[in-house]
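Please look at the sequence and the model first.

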Amino acid sequence: MPARPPLNMANIAIMKQKQRSFLTGLANVHISRGSPLPPILTGVPYPPNYDPETSPWKTVECANDIGAFRLAGKDVDLLKLWGIVLQLGGSQKITQQNAWSQLLPQFDLPEFLPAPVPNGQRSIATILAYYYNAIIQPFEEFYRRNVQETNRKAMMTAGRLQGAPAVPNSTPSMLHQSPGAALPGAASQLPGPVNSMMGLLNQSVSGNQNVSTSIHGSPSAPASHPLPQSPHPQQTVSNASISGSHGFSDSLSGHSLAPPLSGGNMGHLPNSALNEHHEQDVPGMKRRFESEEVDGKRVKLKTGGTESPDLPAMSASVDRRLPTNHTASIPPSVSSRSRSQFLRTKIEYIPLAREVDTFGGRNLDVMEEEYQRAHRRPMRDINEWGTVDIEALTMSIRSRLTAELSYALTTLTLLSTMKGPTPGSGFPIAQCTDLLEEMLDLLEDEAFDGVGDTSQHHLTEDTHIPRHRELVTFALETESLPFAGINTEQGLRTTVHGPRHRSGNIILAVTNIIRNLSVIPDNVQFMARHNRTLELVLRVCGVVFPQDGPPRPTSPALTIADVINVRKDVLHTLSNLSPVISFSQSSSPSDSTIRISTRIFELVASVLVEPAHAISPMQMLKLSGVPIQNCRPPSLPDIALDVFTRVAHMDHNRHVFSANIPQQWLWRLLETLVHRLPVSDPDFAFLSRESWLSYLEKATMAIYAIAFLSPPELKKRIKSDRSLHFSQIMLRMAQRFSATNAVPEARQWFVSTARRAIEAMKAVDSGEDAFDTSQSTQPTLAFGMGFGETGEKSVEKGTGMLGGRRDAAWELLMQRDLDQTMFAELESLMRVE
């Protein structure tokens, strides 16, 4: 026990000395490269040409102790890092196997940085590999070249001393010897103190007890895999009197030969025979040395036989006479072996495997890169397609032949996605009316097989409007049943008409083409005024609910899954055409106008009255489970809100909705829209995101449109229903949106939403029919016009909607940028009888 402390202190002193030698050699390598390392990192004071202001290493965070840098708040010792990398086979092998992450536990490093570095990198393994390649990789390359040169010179010297046949068999011993035992002549090539580092690799790196691979002079040749025996038999010299075994492990120590065994006499070997034999085997020796240095493949060797693996593979029995001025040392512990006996060697090549992180056999990273690349790909120009015969496409659709339909629909799909030579232009469907009519005829024939539409399509209080989520759930349950693929149901392929396309696929292709054409701005005006297009696509997306069965599409050629996709395409088409959709302004609208208006409202209501989406923004965030920075409004309800607010923007369109939509459906739609508005402070935190601000503005605009077109009975119900909390929610909306601290450029967006909330309360508070002109000669209130804007001076009676909340209303009236219209409407809402 008393002797242990001195040993520990001695080990610490030895490791400190080795660390200083390593850091000095590392510093000298970088000085020779013209990029000296910082003195605080290597401990070498005043390196030449080092300027801390212009040094490329000024961004490296050095640790408090010399020889280490800091990464992710942990100290990384350079000597320990170099030793671990060499034990694992070198940096090149670690990079090929993507194994840098295996080094992180050795330094107690995390996998990722808490925040990305300026270049966006967060992986600690990647940053550690970058530090190693920048700081230690030049030293590793210099060290590897020096060891290889030392081995080469040692083999050449051994071949000249012992004879050519022994040179190939001596290579493994040379590669497995300590680097400190290299020839003095070769070691002198290292700059400065690097020479002292050649003996460092035989020691274990301090603190690295988890790495089991031993460090040798050649990282690519581990000791557990002995090199193969040379297939050439060793030649013997006659009249030899010495029998023993030779190896490089003893003959190269100090680059001198040990005294002969038993004092045996050595004869002289003729110089001519020695030189001839050496010249014959030198090319073979060079080829074997070059083949052993190849690091392109990993070789796993299996040696047959019962020989002990600890015996030197290169030893053999030799009877020869050496010159008198040279002696040889024959270790007594090595058993003799006949030179003519071969070792059975099996070489097994293990191919390198590319490691891929897959999920269910799919590489999500590659798919994400391809998706991003597709988004960056510019839209192709329509002129790249060449000359297309529109008459030929029309005739192909008219023929109804399978091959012709495939050609025509494929060509039209590609043409509809291309842009024209000028901004906003594309395929001009307005100039191809015959082609459009043929497509609509094809859609009608495939969807309804010649059956005409109903003369009138009216909604009633008892009409069941299918919800979008309800249809999706039904389709999922139907297709999840056992033997669902062989069941016969509506819209599936039949063999009645022979081998032809399924009618549902043709319908999906035509609706997709119409959706693509509606994206082009030049086609919007024409398609919005083409009543047959709107009427037919809205008819195709219809769903009926029989009293004795599940829901089914109006078209017998479609399945529930097909009609869900058709409804999405039609909703996107209406979103593109809604700014210019205008119903007839006559007092008695036509049947076509009634069908179009009721089906638009039915499609929009099927998406918006879904209870799962009729919640506040914070509740939607909790249900989705995604981070707040990635949480967006539901896409389909957002599109439905956009369609309704744009179509109901004009007064005559509101008049048509008011005359044909039952009050019960107006109430259900208004109720779900009010439930979507923000209520608590966390809900209003979403207003800082543009997508949520647009979503809430559309919801407020839709509430205003319903409040405007509602009949007086429905307005009284909205005002008196306590469970709806209409006045409280709308007043809070107006307060929070008008009191925002946004920049002046963005403040107008918030103020416009607050103005719509006040106008919606004013429209409900009036309780009058906005389209009844028998009592007044004043024009109907247009969108954005409030109380007192048309010059009406009549005195209002009764208590206003905000009569019981005058304090909150007064705070709103005190806003400095409140315009005259909002002030007059708030004053009217605050009246008390």
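Arginine 599 is buried, at 10% relative accessibility; buried means under 20% relative accessible area, exposed means over 50%, and partly exposed lies in between (1.4 Å probe, protein chains only). This arginine sits in helix α20, which covers residues 591-608. Helices (H or I, at least four residues) and strands (E, at least two) are DSSP runs, numbered from the N terminus. Apart from neighbours within four places in sequence, arginine 599 touches Asp453, Thr454, His457, Glu535, Leu538 and Arg539, where contact means heavy atoms within 4.5 Å.

The model is predicted: local features need pLDDT of at least 70 and side-chain atom pairs count only at pLDDT 80 or more, while totals for chains, interfaces and linings use all residues. Residues are numbered from 1 along each chain as its sequence is written, and side-chain values use heavy atoms, with hydrogens and water left out.

**The chain as a whole**

The protein has 833 residues, of which 44% count as buried. Its secondary structure consists of 31 helices and eight strands. Among contacts with a separation of 6 or more, 78% are between residues 24 or more positions apart. The accessible surface is about 43,900 Å², and carbon and sulfur atoms make up 52% of it; these areas come from the Shrake-Rupley method with a 1.4 Å probe, and for residues only the protein chains shown count as cover.

**Salt bridges**

A salt bridge is a side-chain nitrogen of Lys or Arg within 4 Å of a carboxyl oxygen of Asp or Glu. The count by this rule is 28.

| Aspartate 445 | Arginine 400 | 2.9 Å |

The salt bridge between aspartate 445 and arginine 400 links distant parts of the chain, 45 residues apart: aspartate 445 is in helix α14 (residues 433-448), and arginine 400 is in the loop between α12 (390-399) and α13 (402-416). Aspartate 445 is partly exposed at 36% relative accessibility, and arginine 400 is partly exposed at 28%.

Aspartate 681 is partly exposed, with a relative accessible area of 49%. Arginine 732 is partly exposed as well, at 30%.

What separates arginine 756 and glutamate 759 in helix α29? They are about one helical turn from each other, because they stand three residues apart in that helix (residues 744-766). Arginine 756 is buried at 14% relative accessibility, and glutamate 759 is buried at 2%. Elsewhere, salt bridges that share partners connect Asp453, Glu535, Arg539, Arg595 and Arg599 into one network.

**A charged patch**

On the surface, Asp357, Asp365, Glu368 and Glu369 form a patch of negative charge. Patches take residues with over 30% relative accessible area and no salt bridge, joining like charges within 9 Å and nonpolar side chains (Val, Leu, Ile, Met, Phe, Trp, Tyr) within 5 Å. Lys and Arg count as positive and Asp and Glu as negative, whereas His and the chain ends are not counted. The place of a charge is NZ of Lys, CZ of Arg, CG of Asp or CD of Glu. Glutamate 368 lies in helix α11 (residues 364-376) and is partly exposed, with a relative accessible area of 43%.
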